[in-house]
Structures are given as structure tokens and as C-alpha cells.
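I am keeping notes on what I looked up in this structure.

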2 protein chains.
Amino acid sequence: MTAATSSQPTCVITPEFLRDLARIVGPARLLSSEDELLVYECDGYIVEKNVPDVVVFPETADEIVAIVKACLASDVPFVPRGAGTSLAGGCLPVGGGVMIALTKMRQILEINLRDRYAVVEPGVVNINLTRALAGSGFHYAPDPSSQGACTIGGNIATNSGGPHTLKYGVTVNHVIGIEFVTPDGDLVQLGGPTGRGNNFDLTGLFVGSEGTFGIVTKVWVKVVRNPAAYRTMLAIFDSIDDTTQAISNIIGAGIVPAALEMMDKGIVGALEEAFHFGFPLDAEAVLLIEVDGLEVAVDAEAQTITQLCKDTGAREVRLSQTEEERALLWKCRKQAFGAIGRLSPSYCTQDGVVPRTKVPEILRFIAEVSERHDIRVVNVFHAGDGNLHPILLFDERDAEQIKRVMLASDEILSKCIDLGGSVTGEHGIGVEKISFMNRLFTEEDLIVMEDVRKVFNPSGHCSPGKLLPTAGACGMEHIQQSHPSRRAAM
Amino acid sequence: MTAATSSQPTCVITPEFLRDLARIVGPARLLSSEDELLVYECDGYIVEKNVPDVVVFPETADEIVAIVKACLASDVPFVPRGAGTSLAGGCLPVGGGVMIALTKMRQILEINLRDRYAVVEPGVVNINLTRALAGSGFHYAPDPSSQGACTIGGNIATNSGGPHTLKYGVTVNHVIGIEFVTPDGDLVQLGGPTGRGNNFDLTGLFVGSEGTFGIVTKVWVKVVRNPAAYRTMLAIFDSIDDTTQAISNIIGAGIVPAALEMMDKGIVGALEEAFHFGFPLDAEAVLLIEVDGLEVAVDAEAQTITQLCKDTGAREVRLSQTEEERALLWKCRKQAFGAIGRLSPSYCTQDGVVPRTKVPEILRFIAEVSERHDIRVVNVFHAGDGNLHPILLFDERDAEQIKRVMLASDEILSKCIDLGGSVTGEHGIGVEKISFMNRLFTEEDLIVMEDVRKVFNPSGHCSPGKLLPTAGACGMEHIQQSHPSRRAAM
């Protein structure tokens, strides 16, 4: 297996090229003036910025085919964008070029309850599919915290998770078919209504490829029966170690909660100020635990969990008594990031993974890093999965603080690797973490990944500068940090 | 995306080459005499036969690296083999060459209950892992009917399912890491104890690649907590349509049974004769239904299922009263294929998939085909998944009967495609179904699959003649049936 060098797209945007694009989508669905483009200079990862040369808003797969072909003919790179909620620069137009915004492709094309699937366009906002299913007894299971804004196309790019990942799985477990425009400009389909077939799982491979395999135009997803009943609990702890022990004990008892989320004192304080839920401000950490299933089962599970938490030192375990109380608790959890605004003008949500048994160790390490760099860190995370989201608070107007945040992030993620984990659980590599790839993977690993990508994206024009450190774009050179190569999860 | 033509390995086995192999594994672990090789001329698919030129029994990954390098140096193809239980010719040494038998690599290397995984060699027999976990409260979930013989390496090749697939998923859902020797002779690792990472899911891609991506040397699999309780039921029906309607109603009620297996009158008769379970011989079909979970939940689910079956016309629903009764019921189901020996000297177990809602239609079609070709067909299948296993009974000493069996199989599988399904649910394409690939997939689809395979297996020396109709071996030409190309699940 040998790596081929990827061609470097050059970004010369000619007036003819712009006219070509305008002919495809019409002038009203094309942005090219400086002030309009500024909106698209970054996504949820605010540290790196890069203005695209032009943004187009296609409405059909055929328009995307034509856009991609025009880009290839003019040697211009292109990048898809959903809602721009990526926290890792997944939508950043590295080196410029054409941004293909999919926000106008937001139709739910079919809902087939008998065969348990829905067909949606890539720009459908995640929660809108579940809303469209209201009253049917079904929902779309992957529920990232940003589900009120993020799109299903974007969820495919990063293989999004969410609080209910623990029981229901991530996006790849729910996508059964993808229609997409290849980076060569062909419209192809993987899988479909009857699922992913029994051959090479190319649909599964596509999910998580961060826009580097092509532009999604249509998606077949499973719809999941709503549970007959659920119980939602808040367990309150005076010690982080007790909290993580309780998590271990719940999982160890053979219970798979629908959600098992941990929030520390810092985030709980911000949430209480924002939502007045009645969180105890002196607790070191709380667990939000939800079980679902049959009515008789959830009561038994809730009782077992309550007992396990109390045995592990929980001060109190509160069971949500009403639907309103449950909704407010989930609102707190899902809008935790919004509440951070009360603590700090800017924040950086990190995304790391450690084996569940290493959660106490990584939390102690984060506290130590926080103190050493004088950067406040609060924690909210998918505890059942070992997927942590330390939130680093800072003021982006202070360059020196940004530097310390970057250092602290780097140390935390490096520690995740050392503990046998990964630098991302669900936000993706994007541009943010590309320099970690050489630490996570051996050179041989990266060559295989690059070779697989080249099957789909041979010219490298589609989403350059993302995910893999090997493909460059428009004069951009990624500085590859040299670390001892390491055998790791690939 | 363009397809490259694959080189055709030539099978010239020189005495020097045999000496090279003998130096690697020792003469006691090499077979090359005609009578010894005859044992390896086929697997569970008895229709095509091909004797390998030599069989080697490596004991370490390093030996496999050396074997693969020796093969490449002498331009000899090679194929891995586990227990040889493939029903699709997955172990057939197409065009000859070296068979790498993995049956001596059968160590369970590690069991880590705290982090919920086990590490095994590829030749570990599936059931032996669950046996090694006895008393720990855990088991290995994928449980093909052949689990008493088939190996975990072979399960990876075909992405094996089993009766408990409906709730617990197939092999790909349980494999978190693979160490393998690439067809170039490198030892590499995908994934590992902390899972499959968040990048291109190459581990997932490998599972189901039918030995064409390399030779597995080590596997990390999840171990699953045993359910606290289960209830096992036998529902007895006087009509096939009622049976399939009951399946629909159970799934429609939002229950996911741990297993939902259907057996028709023909197979039930054979089972009764073999095991004396007490099956009613006049029933048209029976459902074996198992639910698992918490004690309180399984009773409620069992009651609901009983009521749903009765409402749909079940004559009787029997709940297993003792562990012995349950064990016997499962023995009947898992050894159904053995019992077929009472009906016929030979049989061909087909493997097709249809959308669950098309089960009544495909069963009517199978009955019609059976009558038209005068080939008796009995049915046992994973009804909850729409994965059918019609068993065609014949006498392999009668060439004319074999011809009719092939015709009937072809018609049944073609109908599965027409109904929106697939020609294999879990047995794989192997050599048996390679001519269907052009009907299931478009030319463009197959080119992408071939290009992905070439990343791993550029010379085509590893498992030639399997899975894809594009790569040949040793003077073998697959006759590609020309059918209108069709967009299908890929």
C-alpha cells in the first residue's frame, strides 16, 4: 500500500466561473460579496477562520452535480455545509473555494412507518424529523445537543451522537441509505429503504467521513418506536469519585440506561442561574439518568439505579414526578452550552474519549490542567460512553488566554490518547484536531485511510484540509507534528 | 472512478515453494498429498469443488506474514479457512493455491469483563468463547446455528448473524478491533480494546469482506451481559399467512424480541422425528419467540406476545416451563439443519432477505417454485429480520435434481431482489452467488467496491474469485450474467 500525493487545488475564481455557478442556481442563490461571505468564515469552532470565495444554495441533486462539475472544470475546491454547528471546523472552507450550503434542501421526502424508515434531504434539521413524526409513536433516535439547529447531513459527516447514544447508538446505526454526489460529479446511491445490504458496508464507511467522500443529497434513516415509558432521575453527589463509581456500578449491574449524563459543579451553577431548576449549588456533580422500556420494567430499573447511587454515596436521588419536570431537566442538559454564556464571553467545548474505567483519572487531570493554566473548565458529558466534554472558558479578545486554552486542550486530548482513548467522540477531527492524527495512528494506518478516501475523492477537491493530515488545499500546508508512531484505534 | 483490471495469479507450485512453506510452519503443519488435500476440496457449499495445492496450519501471526510473503514472491494465490462451514463456498480455493487453515489459532487471549471485551484468535470456535465466559454473567452475542463448529474468524468474513440478531445485532456490531495480515504481507491493526474510533470505520468495512481484505490474526470482540431473565414461547399456527401477520403485529407493537424464528410444517416434522419435542405435526408453522430483560419486563412482554399471537389466529402459545424445555426448544432450532438428514440425502440451505412486509409473498412464491420444479422445500428462518432460509432437498447423486435445485434457488433469489431484498442475509456471496452481483448492483457500484478492495488487496492474490465478479484467479473466468443494471442496496 503506497500513498499517492494529492493534487493541490488552486483557487482562481474567474468571472466566467461565477457566471457558470449563477447559471446553475440562479443569482439569488449565490453569494459572492465580501460582507455576505463573512457570515460563512467559520462554524462553531471559532478559532480558525477562512472566508469562502463563493457560497451557493442548491435545491436539487442535479444542481449539485452541475456545481461539482463546474468546480472540477475550473480546478476549484468545494465544501458542503449544513447548519454550521461543527465544533471542529468541519465546515471551514480551507483554502477558499466554493461552499455548497445545503440549507435549502430541507424536505422530508417520505415517512414509511410500516417499514420503519424516513427519507430526508441533507438540510433537514435533526429535530424536525422527530417533530414530523409526532403522534405516530416513532422518533429519530440520534439527538445531539444541537439538534434544534444541526442538520442530518451534518450528522452523517461527523457520525453524531447525543445523550441517548448509550442505548440507541450513533448516527451510523440509524442511516440505512445515502444518495450523494461523488467528488467526480456522479450521483450515486449506497443502501436504501431495505438497508445496507450484506456486502462491503460502504454506507457505514461514508458516515463519519466528514464531507470528504462527497455531497449528500438524500438520506434513508431508521425511525425508532417511542418507548412505552421512561423514568428520569437526578442523582446528586458530594464527590466526583463517588459519581464515577456510581456510573460504573450502574453499567456493571447490567442496566443500559437510555441516557447517563454527568454534569459538574461549574456547569450546574450556570444551569441553575439560567433555568432555576432547583439544582443544589453545593453538589460536586450530578447525574441525569433516564431509563426507558415497558412500564413495569422502568420502575424496577429506576429503583435499582436509585439504590446503586445511594450505596455509592449519592446525597439524594430525585425522580422526575411530572412530564414538565422531565422536560425542564432535559432542557437544562441540552442547553447547557447556552448557559455557559453566563460564565464567560467565549468557550471552547472539547470532545475526548476515555475507557469508562478511566473517567476518574481524566477528571482529576482536567482539574489539574485547569489550575495550572489558569483556565476555568466545567464538565458536562456522556458518562456512560466515557465521552467527555470539558468546556474551557475564556475571553476571545485576549490572545494570551486563547494561547493558554489551546495548550490546555492539547494536554487534555493528549492525556485521552495516553489513557487509551481518542481525541473525538462525536464532533469529528475537522481542521481542529488534524495534528492529532499522527499521534492516534501509525503512518501505515494513515496511508490506508488516505487510499480509501482517494477511491471516492481522487483529486482531493472535495473538503480539502479535513480529517486526514495528508491532503492539502490551495497552498495550505499542515504542519505534521512528529510523534512516535502509535498503534491505536483506527 | 475507474476499475483497474486485476492481475490473474498463476498457480505454479514449485518444490522450492513447498520447501519455503515447510520451513515456515514445519512439515507437520503442511499438507500436500492428494488424499489429504481432498478433505479441503469444498466447504458447506457442496456444489462446487476445488482442491487446494497445499494447506498450511500456522500458529502465529508472524508465520502468516511469512506465508503471505512467500506466496507473493511465487505469485501463488492464498485463501484463509476457519471451520469450513461456509454455505456459499467462502472457503473454496478458487483456482487452487495455498489454503491457510486457521484452526490451530484457537486461543482465547484475554477476557476483560470490566471493560467488556475479549481478545481471541481467529480459529476460536464461536461457542467456546461463550463457554469460557460461563459463570461470569457475560456471553458473546452472535450465535449462528453453526456456532458449535464455526470460527470467529469465519464469522468476521461473512458478518454472521444468528437467531439473536434481531435484538443484539450481527457480527459487525460486536467486533471492535481486528489484527490482520494484509494481502501485501504487513501485520496491521484496526480498532482495539477501546473500540472502533471515530474515523473511517475500517474495522466495520473489514467485517463482511469475505477474506478478500487479508487474513485475520487476532480479534477484539464485545462481551454482552447475560439477560437477567428470559421467556421462551412456541406459538402454533394453522396458516402461514396468520404466522407472518403475527410477526408483523409483534414488531408493530414496539416489542423487539431477543429471537423471533419461524419454522414451517416440513421442518417441524423432521425436528419432531429427531428430537421428540412434542411439536404438533399438523400445524402449518410455528414461531419460536424469546424475550429477555428484567424479570418483571419479560412477563409483561410474554403476555403481550401471547395475546397478539392468539388474536392473529394462533392455535396455541406454549411458554417454556423449565430450563430443560427451553434448552430442548433451542436445540431443535439450532440443529434443524442436522435433522434434515432424515428427510433427504442432501440439501441446499438458501439465504435470502426480503423486507419484513414481503414475507407472506416470498413464502407463497417458494411454495410455487417447489411444486413447479418438483423439489421439496422446507423453511426455517429469522422471521423478525426478513432473513429466510428455504432448504431445498435433493439427492446429490442425481445430476438432474441438482440442476432443478439450482434453477429453483435462482428463481427464489431473483424474487428476493425483485421484492426489494438481497440474495444473502448472513451466509455471504462466496462463489455461489457471484453471478447475482451484477443484478444487485450497478456497474458503477461494483467499480467502487472493487476500488475499495484494491486498497487492501491490490494484486488480487488474497481469496480470488470471491464476493466480486471482477477479480479472477488462476485461469478462472466468471461468466458475468448480463442483466439490466439495477440500483440496489450496496
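**Entry 1: a helix in chain A.** I began with H11(A), where I found Arg326(A), Leu329(A), Trp330(A), Cys332(A), Arg333(A) and Lys334(A) buried. The model is a predicted one. Helix H11 of chain A runs over residues 323-334 and has twelve residues. I checked its reach from first C-alpha to last and got 16 Å, close to the 16 Å expected at 1.5 Å a residue. I then looked up what the buried residues of H11(A) pack against, and the list includes strand S12 (229-237), strand S13 (259-264) and helix H9 (265-275) of chain A. Strand S14 (285-293), helix H12 (336-339) and strand S18 (377-382) of chain A are also among these partners.

**Entry 2: a glycine in H9.** I looked next at Gly269(A), which lies in helix H9 of chain A. Gly269(A) is partly exposed, with a relative accessible area of 24%. I noted that Gly269(A) and Ala339(A) are 70 residues apart in sequence, yet their C-alpha atoms are 9.4 Å apart in space.

**Entry 3: a helix pair in chain A.** Two packed helices are described by the angle between their axes and the distance between the axes. For helix H8 (residues 240-252) and helix H10 (residues 295-311) of chain A I wrote down an angle of about 145° and axes 9 Å apart. H8(A) passes H10(A) in a right-handed crossing. Ala246(A), Asn249(A) and Ile250(A) of H8(A) meet Ile305(A), Leu308(A) and Cys309(A) of H10(A). I sorted this contact by class: five nonpolar residues, one polar and no charged.

**Entry 4: a helix pair in chain B.** I did likewise for helix H13 (residues 359-373) and helix H14 (residues 399-418) of chain B, which pack at an angle of about 160° with their axes 10 Å apart. H13(B) is therefore roughly antiparallel to H14(B). The crossing of H13(B) and H14(B) is right-handed. On the H13(B) side I listed Glu361(B), Ile362(B), Phe365(B), Ile366(B), Val369(B), Arg372(B) and His373(B). They meet Arg404(B), Leu407(B), Ala408(B), Glu411(B), Ile412(B), Lys415(B) and Cys416(B) in H14(B). The residues of this contact divide into eight nonpolar, one polar and five charged.

**Entry 5: H16 in chain B.** How many of the 14 residues of H16(B) are buried? I counted twelve, so H16(B) is largely enclosed by the rest of the structure. Among the buried residues are Leu446(B), Ile447(B), Val448(B), Arg453(B) and Phe456(B). What covers the buried residues of H16(B) includes strand S9 (187-191), helix H7 (202-206) and helix H16 (443-456) of chain A. From chain B, the cover includes strand S8 (175-181), helix H7 (202-206) and helix H15 (437-440). The end C-alpha atoms of helix H16 (residues 443-456) of chain B are 21 Å apart, which agrees with the 20 Å its 14 residues should span at 1.5 Å a residue.

**Entry 6: positive phi.** I found Leu467(B) with a positive phi of about 70° although it is not a glycine. Leu467(B) lies in the segment after H16 of chain B and is buried, with a relative accessible area of 0%. Asn159(A), also not a glycine, has a phi near 55°. I placed Asn159(A) in the loop between helix H5 (152-158) and helix H6 (165-168) of chain A. Asn159(A) is buried, at a relative accessible area of 13%.

Entry 7: Last, I looked up Ala61(B), in helix H3 (residues 61-73) of chain B. Ala61(B) is buried, with a relative accessible area of 13%. Leaving out residues up to four places away in sequence, Ala61(B) touches Met105(B), Glu179(B), Val181(B), Leu187(B) and Thr217(B).

Conventions: Residues numbered from 1 in each chain as written. Chains lettered and ligands numbered in written order. Predicted model: local features only at pLDDT ≥ 70, side-chain atom pairs only at ≥ 80, totals over all residues. Heavy atoms only, no water. Axes fitted to C-alpha atoms, helices over the stretch in contact; angles between N-to-C directions. Helix = DSSP H or I, 4+ residues; strand = E, 2+ residues; numbered from the N terminus. Parallel < 35°, antiparallel > 145°, perpendicular 65-115°, else oblique. Left-handed = near helix turned anticlockwise from the far one by under 90°. Contact = heavy atoms within 4.5 Å. Nonpolar A, V, L, I, M, F, W, Y, C, P; charged D, E, K, R; others polar. Expected span 1.5 Å × (residues − 1). Buried < 20%, exposed > 50% of the residue type's maximum accessible area, 1.4 Å probe, protein only.
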